[in-house]
Amino acid sequence: MRKFYEAHRMDIRMENNGKENEMLLFHGTGTEDAIDGISNGGFDDRFFAKPGAGLFGHGAYFAIDPLKSSHFSEKRKKRPFIMFWCKV
């Protein structure tokens with residue numbers, strides 16, 4: 001996965017005059033399947049918000065403010081909310 005990331009990062013750098021344009025953003029989730037999937041395989045577009053489901057359509061949603069992402073972290077019995085802090 002790291003090699004794929006580095007290759008994609010180079011493509012972005014070439015498209016943006018040498019700038020990577022990366023940010024550290026938050027992503028909130030709560031289901032065990034989502035947590036395991038993201039932790040083990042990264043973000044998979046087969047599981048992104050479906051067209052019409054999210055405010056901006058199909059995609060994974062990230063936020064600068066962790067409070068915004070916390071609204072998408074489901075409450076889990078006697079367990080903490082889960083949020084990812086990601087380089088995007």
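The paragraphs below follow one serine and then the aromatic pairs of this predicted model. Residues are numbered from 1 along each chain as its sequence is written, and local features need pLDDT of at least 70, while side-chain atom pairs count only at pLDDT 80 or more. Side-chain values use heavy atoms, with hydrogens and water left out, and totals for chains, interfaces and linings use all residues.

Ser 69 is found in helix α3, residues 66-70 (helices, H or I of at least four residues, and strands, E of at least two, are DSSP runs numbered from the N terminus). With a relative accessible area of 3%, Ser 69 is buried (buried means under 20%, exposed over 50%, partly exposed in between, with a 1.4 Å probe and protein chains only). Its side chain reaches the backbone oxygen of Phe 26 at 3.0 Å.

The structure holds 3 aromatic pairs (rings of Phe, Tyr and Trp, the last by its six-membered ring, pair if their centres lie within 6.5 Å; planes under 30 degrees apart count as stacked, over 60 as edge-to-face and the rest as tilted). One of them is the stacked pair of Phe 26 and Trp 85, with 6.1 Å centre to centre and 20° between the planes. This pair links distant parts of the chain, since Phe 26 lies in strand β1 (residues 24-29) and Trp 85 in strand β2 (residues 82-87), 59 residues apart. Phe 26 is buried at 18% relative accessible area, whereas Trp 85 is exposed at 58%.

Phe 43 and Phe 62 form an edge-to-face pair, 5.1 Å centre to centre with 70° between the planes. Ring pairs link Phe 43, Phe 62 and Phe 84 into a cluster.

Note on methods
Polar contact = N/O pair within 3.5 Å; in protein donor to acceptor, adjacent residues only side chain to side chain.
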